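Here is my note on the structure you sent over.

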Amino acid sequence: MAEPVDDALAELALVADLDHDRATRRGYPEAVYCEGKTPDQVRVVAAALRDRAAATDGAPPVALFTRASDEHARAVLDVLPDARWEPQARLLAWPPEPPAPTGGRVVVVAAGTSDLPVAHEAALTAGYLGRATDLVVDVGVAGLHRITRHLDTLRAARAVVVVAGMDGALPGVVAGLVAAPVVAVPTSVGYGAAFGGIAALLTMLNACAPGIGVVNIDNGYGAGHLAAQIAAP
């Protein structure tokens, strides 16, 4: 009769080849992108992470499950019941408490309330990768006086993530006000001619202010990860 652990490994082999050594090799653990996976597949991955942590000494590295639906969240919580579930960001984190912050501060800026899901994903990612993180909300270019209220916070950051849809102009404004690198995140928020975020993406790529790097549309995880690396000790 096969051992249960052998059965679990065989089940995992049909779903994923987890990169358990990524945290040692790169300093940051692998994240699990849930979209496109079934809840059962995500459950298998979560169980493998749990079993790996149980077999090693010390605290397990942070595991992030991104772009998770409610069904994905239930599957993860079945095997990691203490995981933190943030439905607005569509993100789960395990262990639930982020590590003690080191390095510089990351400030995440959301142009509008509709950009908050992506902004929360970026902020949570940076926090769970070990950075102190602030979130500044609803400071889009329709009212430039709003962003100037937060200049002290922005200028204290080692890296700034700016999340914006519509015309996507806010990263260029912020980059003209701060010394830190700006990670720009276009979102799919906007009316028809926004083309699902392509208009914001092109604006950010064509920004005249130097020091801006642009990630993919709605990629809060990628932005938070990059900002955490920029702000590393």
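1. Start with helix α5 (residues 116–128) and helix α10 (residues 220–230) in this predicted model. The two pack at an angle of about 35 degrees. Their axes are 7 Å apart. The crossing of α5 and α10 is right-handed. On the α5 side, the contact uses V118, E121, A122, T125 and A126. On the α10 side, G220, Y221, G224, H225 and A228 meet them. By class, this contact has five nonpolar, four polar and one charged residues.

2. How much of α10 is buried? Eight of its eleven residues are, so α10 is largely enclosed by the rest of the structure. The buried set is G220, Y221, G222, A223, G224, H225, A227 and A228.

3. Helix α3 (residues 39–54) packs with helix α4 (residues 70–79) at an angle of about 30 degrees. Here the axes are 8 Å apart. Angles under 35 degrees count as roughly parallel, and α3 and α4 are therefore roughly parallel to each other. Their crossing is right-handed. From α3, the contact draws on P39, V42, R43, A46, A47 and R50. From α4, it draws on E71, H72, A75, V76, D78 and V79. By class, the contact of α3 with α4 has seven nonpolar, one polar and four charged residues.

4. Next, V139. This residue sits in the loop between β6 (133–137) and α6 (145–148). Buried or exposed? V139 has a relative accessible area of 1%, so it is buried. Leaving aside residues up to four places away in sequence, V139 touches V109, A110, A111, R146, I147, H150 and L170. H150 is eleven residues from V139 along the chain. The C-alpha atoms of V139 and H150 are separated by 9.1 Å.

5. On cysteines: how many disulfides does the model have? The count comes to zero, where a disulfide needs a pair of cysteine sulfur atoms within 2.5 Å. C34 is buried, because its relative accessibility is 0%. C208 has 79% relative accessibility, so it counts as exposed.

6. Now the backbone. Most residues other than glycine have a negative phi, and most peptide bonds are trans. The peptide bond from W94 to P95 is cis, with omega near -5 degrees. P95 lies in the loop between β4 (91–94) and β5 (106–110).

7. R67 has a positive phi, near 50 degrees, and is a residue other than glycine. R67 is in the loop between β2 (63–66) and α4. Its relative accessible area is 17%. Buried means under 20%, so R67 is buried.

8. M166, also a residue other than glycine, has a positive phi near 50 degrees. M166 is placed in the loop between β7 (159–164) and α8 (170–175). With a relative accessible area of 45%, M166 is partly exposed.

Conventions: Residues numbered from 1 in each chain as written. Predicted model: local features only at pLDDT ≥ 70, side-chain atom pairs only at ≥ 80, totals over all residues. Heavy atoms only, no water. Buried < 20%, exposed > 50% of the residue type's maximum accessible area, 1.4 Å probe, protein only. Helix = DSSP H or I, 4+ residues; strand = E, 2+ residues; numbered from the N terminus. Axes fitted to C-alpha atoms, helices over the stretch in contact; angles between N-to-C directions. Parallel < 35°, antiparallel > 145°, perpendicular 65-115°, else oblique. Left-handed = near helix turned anticlockwise from the far one by under 90°. Contact = heavy atoms within 4.5 Å. Nonpolar A, V, L, I, M, F, W, Y, C, P; charged D, E, K, R; others polar.
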